[in-house]
Amino acid sequence: MDRIIDMHAHIWNGREKECADAMRKAADRFGIEKILVSALGSHHPDKDEVRYLNEQTEKLIREDALFGGYVTVSPEHDNGLDVLRRGIEEQGMIGMKIWVSCLCNADCCDKLYEYCAEKDIPVLIHVFKKTVGQLTDEATGVHLRSAALKHPDTKFIMAHLGGNCYHGVRLVQDLDNVWTDFSGGCCRVSEVPYAVELLGAEKILFGTDNAYAMNLGQMRDAGLTREQEEQIFWKNTASLFKL
């Protein structure tokens with residue numbers, strides 16, 4: 001494949017340099033031209049931690065053109081909109097990341113989604129349906145669908161194929177404002193073809209969650225056409241984020 005963009009990766013609080021160095025090595029080994037990162041730490045970070053995380057992302061994207069950034073926002077904080085505005089308008093971020101500090105269809109998210117719609121900024125949301133170990137504020141495809149229906153002008157990305165693609169993908173297949181990635185812990189070989197069948201290749205994005213060999217292997221074994229591979233590997237992300 002001539003071009004690859006990884007639209008879902010992370011630097012972790014306390015391991016920022018280690019994560020960045022590993023991503024640089026992966027980019028060189030696998031020919032990845034751009035990596036979009038968010039910084040993560042606690043499940044329910046306080047305001048100081050959120051500020052620190054976004055400062056680390058800003059530092060990385062300003063020092064190395066390999067990286068682009070998401071501003072990490074905990075919507076339940078009363079300064080969430082200010083954090084988002086600063087990330088987009090001052091720190092050079094190109095998307096918003098919501099992790100697990102609150103459900104993605106909570107009322108406190110509304111003003112953030114409205115801002116993202118106004119600025120045409122994609123929203124990457126951690127979505128995971130688990131059999132055991134579901135976190136209290138961890139969104140599933142049900143919550144993502146609710147948010148997307150309420151905010152039809154906002155561009156949502158459902159991460160990890162919803163954590164269980166056979167649950168998450170079908171919940172968003174009729175929504176024009178939702179894309180999905182298959183990054184991280186989803187490793188069944190049938191998942192990418194299943195998502196392509198239900199959504200079309202134009203709605204699927206290549207991300208890794210820093211697990212490069214596994215997610216590249218999923219693409220290689222998916223039996224896609226070259227055109228479908230190009231769409232997923234880079235074209236969809238380039239269009240969505242105006243890269």
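Predicted model: local features only at pLDDT ≥ 70, side-chain atom pairs only at ≥ 80, totals over all residues.
You'll find S239 in helix α9, which covers residues 226-241.

Now try L40, which sits in strand β2. Is L40 buried or exposed? With a relative accessibility of 3%, L40 counts as buried. Setting aside residues up to four places away in sequence, L40 touches H10, I11, W12, N13, L53, T72, K97 and W99. Take N13 from that list: L40 and N13 are 27 residues apart in sequence, and their C-alpha atoms are 6.1 Å apart in space.

## The sheet

Time to zoom out to the strands. Eight of them form an open sheet, in the order β1-β2-β3-β4-β5-β6-β7-β8, and the pairing is parallel. The edge strands are β1 and β8, each of which pairs on one side only. Even so, seven of the eight residues of β1 (residues 5-12) are buried, so β1 is largely enclosed by the rest of the structure.

Let's walk through the pairings. Six bridges link β1 with β2 (residues 34-40) in the parallel sense, and A9 has V37 in β2 as its bridge partner. V37 in turn has a bridge partner in β3, namely G69; β2 and β3 pair in the parallel sense over three bridges. Carry on to β4 (residues 95-98), which runs parallel to β3 and is joined to it by three bridges. There, G95 is the bridge partner of Y70, while V71 stands opposite M96.

## Helices between the strands

How do you get from one of these strands to the next? Helix α1 (residues 16-30) makes a right-handed β-α-β unit with β1 and β2.

## A closer look at β3

Which way do the residues of β3 point? F67, G69 and V71 point one way, while G68, Y70 and T72 point the other way.

## Nonpolar cores

The largest nonpolar core has 68 residues, and those with the most contacts inside it are I35, L84, M96 and Y113. Helix α1 gives the largest share of this core, five residues. A second, separate core has 10 residues, among them M7, Y70, W179 and L240.

What does M96 touch, leaving aside its neighbours within four places in sequence? Its contacts are Y70, V71, V73, L84, L112, Y113, C116, I121, P122, V123 and L124. Two of the names on that list, L84 and Y113, also belong to the group with the most contacts inside the largest core.

## Aromatic pairs

The model has six aromatic pairs. In one of them, the rings of Y70 and F241 have their centres 5.8 Å apart and their planes at 85 degrees, so the pair is edge-to-face. Because Y70 lies in β3 (residues 67-72) and F241 in helix α9, this pair ties together parts that are 171 residues apart in sequence. Both Y70 and F241 are buried.

F182 and F206 form an aromatic pair too, edge-to-face, with 5.9 Å from centre to centre and 65 degrees between the planes. F182 lies in the loop between β7 and α7, and F206 in the loop between β8 and α8, so this pair ties together parts that are 24 residues apart in sequence. Both F182 and F206 are buried, and together with F233 they form one aromatic cluster.

## Cysteines without disulfides

A disulfide is a covalent bond between the sulfur atoms of two cysteines. How many disulfides are there here? The count is zero. For C104, the nearest cysteine sulfur is that of C109, 6.7 Å away, and a disulfide needs the sulfur atoms within 2.5 Å. C104 is buried, with a relative accessible area of 1%. C19 is buried as well, at 6%.

Methods. Residues numbered from 1 in each chain as written. Heavy atoms only, no water. Buried < 20%, exposed > 50% of the residue type's maximum accessible area, 1.4 Å probe, protein only. Helix = DSSP H or I, 4+ residues; strand = E, 2+ residues; numbered from the N terminus. Pairing = 2+ DSSP bridges. Right-handed = clockwise from strand over helix to strand, strands pointing away. Core = buried A, V, L, I, M, F, W, Y, C linked by side-chain atoms within 4.5 Å. Contact = heavy atoms within 4.5 Å. Phe/Tyr/Trp six-rings, centres within 6.5 Å; stacked < 30°, edge-to-face > 60°.
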